[in-house]
Amino acid sequence: MTAEPDAAVDADAAPLGVSARPPRSLARAYWPIVATGAVLALVPLWLGDSRLMMGLAIDALVFGAYAVAFNVIFGSTNQLFLCVGALAGVGGYGSVILADRAGLPMVVAMLLATAVATALGGLLSWVAVRRSLDVIFTGIVTLAFSLSFANLLLGQRELTGGETGLVVSAGPDTFLGERVAAYYLFLGMLVAFLVVFRALQRSHVGWAFRALRDNELAAELAGVDVARYRVYAGLVGSAMLGITGAVFAHSDGFISPSTFEFGHVDVRVLVMLAFGGLGTLLGPVLGTVVFAVLDEVLIDFGQFRTVLYGLLIIALFLGFKRGAVPAVADLVRRLLARRSRSS
Amino acid sequence: MKAVVLDGIVLGLQFGLLGVGMTLVYGLGGVLNLAYGQMAVLAAMVVAVTLGAGAPALVASGAGLLAAAAAGVVLDRTLMRPVYRQRGEHRVLLGLLLTLGVAFVIDGLLLWRYPSGALRLAIGGEAVPILGVRMRVGSLWATGISLAVAALLLGFRATTPGRAAHSVIQDEVGARLVGINPAAVRTFIFAASGALAALVAQTRSMTSPVGVTAGFDFTILALIVAVVGGLGSVAGAFLAGVLLGIVSTVSAFYIGQYITTIVLLAAAALTIVLRPRGLLGRSP
């Protein structure tokens with residue numbers, strides 16, 4: 001990229017997102033996850049009576065889980081996977097077809113479908129790494145995969161039900177069909193994903209991730225196997241996407257191509273994560289909550305909703321160029337510094 | 001077979017034009033304009049409305065071009081300012097997100113105002129035989145316009161503003177040293193990109209209607225063509241456009257419509273994997 005001399009270039013042009021080291025102490029590293037889980041666990045007490053509202057809350061958690069997975073892949077290792085919805089769809093459709101058509105037990109079907117999604121994500125990551133594709137090129141290849149998958153769903157009518165979708169028979173009659181129970185299951189998954197994210201950050205894998213984010217060439221020269229760690233991230237994130245898609249399909253009882261559509265899933269996940277802060281632990285959660293609330297507020301505006309949504313995106317990103325979580329952290333740090341100086 | 005390939009070229013030249021608008025803006029500003037397709041649809045709606053008001057075809061067409069070019073200038077002069085202040089991948093990501101917001105705004109406004117709007121430029125006349133293949137007059141017009149603009153674009157490289165633009169793409173600091181103002185060049189290219197989008201919307205509408213919801217489809221197609229051709233390369237975008245156009249019509253004819261999209265996407269992905277800089281892309 002060429003230099004930009006006609007305006008003051010932001011001096012602290014760090015790489016995308018945040019590569020800060022996670023806290024050393026176990027308590028300080030994990031308490032934000034515990035706190036998040038505890039707060040979100042209270043939601044059914046408030047909304048539990050309304051099936052509709054609980055459904056929306058579950059949708060929000062599912063998107064939160066997608067966002068954490070995307071954060072592992074894009075936020076940690078800079079691979080722009082524009083196939084979040086497609087990989088979740090491989091999990092969802094795969095599991096439903098295996099359970100309902102092939103008659104496998106539901107849990108086995110979920111695991112098999114997740115394995116397929118993991119393998120596909122790993123393969124995409126491996127290809128991108130082998131051919132050293134940069135951010136945009138990785139984005140386009142995965143976008144092509146995404147759109148092909150959507151077309152396949154529409155075309156293979158006898159298997160996928162085409163545009164009308166599939167009514168899922170395995171799952172909704174178990175506890176997965178109960179909204180409050182499903183809510184806690186998805187909350188458990190979200191918390192587990194956050195724990196995995198933090199554990200990765202704290203392990204030697206996290207060191208490698210930060211090194212290759214900050215300066216890929218330097219990391220490579222220092223002996224970090226950049227390729228291997230990228231594929232690791234691709235595998236872990238894709239597994240998260242696959243299992244989330246599979247569990248969601250069986251819990252919701254109905255899937256259609258639009259459930260996993262690029263415009264519905266990927267665009268939203270990218271916006272959510274970029275707003276919350278790429279590479280931050282709680283960025284995906286913050287983005288999820290903010291956009292779930294926004295959706296509810298904007299729903300009264302009918303047709304005008306898209307316009308307001310667009311205006312908000314513009315305003316949010318002009319305000320928080322590096323994400324809301326880093327902005328808030330900066331603010332807190334500055335306030336603390338002022339207080340310690342005055343005392 | 002010959003007819004199928006000719007159809008592919010007709011389609012491909014329009015793909016190419018679409019890709020050029022995307023690739024030029026990226027080459028100059030490092031911005032992938034996700035509101036690009038919406039600029040095309042905006043132009044289509046302006047043309048449809050002015051035609052509906054009884055304006056002559058040329059005036060309506062000109063109004064469409066102007067509207068999209070103006071949208072480009074406004075975008076460059078306002079929202080893209082903070083983007084240009086960023087560097088590297090920050091710039092790409094902020095550009096993507098802000099133009100995505102703009103895309104939602106334009107999409108929402110158009111859908112709200114013209115819920116079922118569509119542009120269809122019907123061009124009458126008997127089919128004309130070309131190389132023994134009977135071609136529809138609409139296709140011929142679309143091809144003629146695309147070829148003329150392609151020639152204009154390639155000729156533009158030889159003019160002074162063309163050289164200025166090229167020098168900014170190659171080396172922004174160097175361009176400044178010889179007295180070129182990159183900001184002015186970028187605004188100009190953004191306007192040109194809008195006009196290109198408007199043009200493609202109109203040539204497309206000569207063979208099939210362009211609906212108010214077509215924005216993101218245009219954008220994705222433009223992205224794919226631009227990336228396969230090599231970001232920043234005008235000739236690459238045309239080459240990629242024509243190749244993908246031929247792949248698209250041949251596979252639609254021999255394999256079937258539904259598989260075609262997949263074949264097209266697979267061809268694009270394969271090209272990128274085989275040539276990670278695109279067909280005619282420069283190495284960094």
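Before we start, remember that this is a predicted model. Our opening stop is a helix pair in chain A.

**Stop 1: a helix crossing in chain A.** Select residues 51-77 of chain A, which form helix 3, and residues 283-298, which form helix 13. Their axes come within 9 Å and cross at roughly 145°, and the crossing is right-handed. To see the meeting point, show A:Ala60, A:Phe63, A:Gly64, A:Ala67, A:Val68 and A:Asn71 on helix 3 of chain A. They meet A:Gly283, A:Pro284, A:Val285, A:Gly287, A:Thr288 and A:Ala292 on helix 13 of chain A. Colour this contact by class and you will find 7 nonpolar, 5 polar and no charged residues.

**Stop 2: two loops in chain A.** Now go to A:Asn78, in the loop between helix 3 and helix 4 (84-101) of chain A. Its phi is positive, about 65°, although A:Asn78 is not a glycine. For background, most residues other than glycine have a negative phi. Next, pick A:Ser132, in the loop between helix 5 (106-130) and helix 6 (135-155) of chain A. A:Ser132 is not a glycine either, and has a positive phi of about 35°.

**Stop 3: where the chains touch.** Show both chains and select the residues in contact: 47 from chain B and 45 from chain A. On the chain B side, the elements that give two or more residues are helix 4 (80-84), helix 5 (88-113), helix 8 (172-177), helix 9 (182-204), helix 10 (215-229) and helix 12 (257-274). Helix 5 of chain B provides the largest share, 19 residues. By class, this side of chain B has 33 nonpolar, 7 polar and 7 charged residues.

**Stop 4: B:Ala103.** Stay on helix 5 of chain B and centre on B:Ala103. B:Ala103 is buried because 25 other C-beta atoms lie within 10 Å, against a cut-off of 20 or more. Leaving aside neighbours within four places in sequence, B:Ala103 is in contact with A:Gly310, B:Leu34, B:Ala35, B:Gln38 and B:Gly215.

**Stop 5: the nonpolar core.** Which residues have the most contacts inside the largest nonpolar core? Select A:Ala65, A:Tyr66, B:Ala40, B:Leu42, B:Ala43, B:Ala68 and B:Val225, in a core of 211 residues. Helix 3 of chain A, with 15 residues, gives the most to this core. Zoom in on B:Ala68: beyond its neighbours within four places in sequence, its contacts are B:Met39, B:Ala40, B:Leu42, B:Ala43, B:Gly194, B:Ala195, B:Ala197 and B:Ala198.

Stop 6: Select helix 9 of chain B, where 19 of 23 residues are buried. At 1.5 Å a residue, helix 9 of chain B should span 33 Å, and its end C-alpha atoms are 32 Å apart, so the two values agree. Finish at B:Gly211, in strand 4 (residues 210-211) of chain B. B:Gly211 is partly exposed, with 18 other C-beta atoms within 10 Å. Its C-alpha atom is separated by 9.8 Å from that of B:Ala201, 10 residues apart along the chain.

Methods: Residues are numbered from 1 along each chain as its sequence is written. Chains are lettered from A and ligands numbered from 1 in the order in which they are written. This is a predicted model: local features need pLDDT of at least 70, side-chain atom pairs count only at pLDDT 80 or more; totals for chains, interfaces and linings use all residues. Two residues are in contact if their C-beta atoms, placed from the backbone, lie within 7 Å. Helices (H or I, at least four residues) and strands (E, at least two) are DSSP runs, numbered from the N terminus. Ala, Val, Leu, Ile, Met, Phe, Trp, Tyr, Cys and Pro count as nonpolar, Asp, Glu, Lys and Arg as charged, and the others, Gly among them, as polar. Axes are lines fitted to C-alpha atoms, for helices over the stretch in contact, and angles run from 0 to 180 degrees between N-to-C directions. A crossing is left-handed if the near helix is turned anticlockwise from the far one by less than a right angle, and right-handed if clockwise. A nonpolar core is a set of buried Ala, Val, Leu, Ile, Met, Phe, Trp, Tyr and Cys residues joined through C-beta atoms within 7 Å. A residue is buried if 20 or more other C-beta atoms lie within 10 Å of its own, exposed if 12 or fewer, and partly exposed in between; C-beta atoms are placed from the backbone. The expected span of a helix is 1.5 Å times one less than its number of residues.
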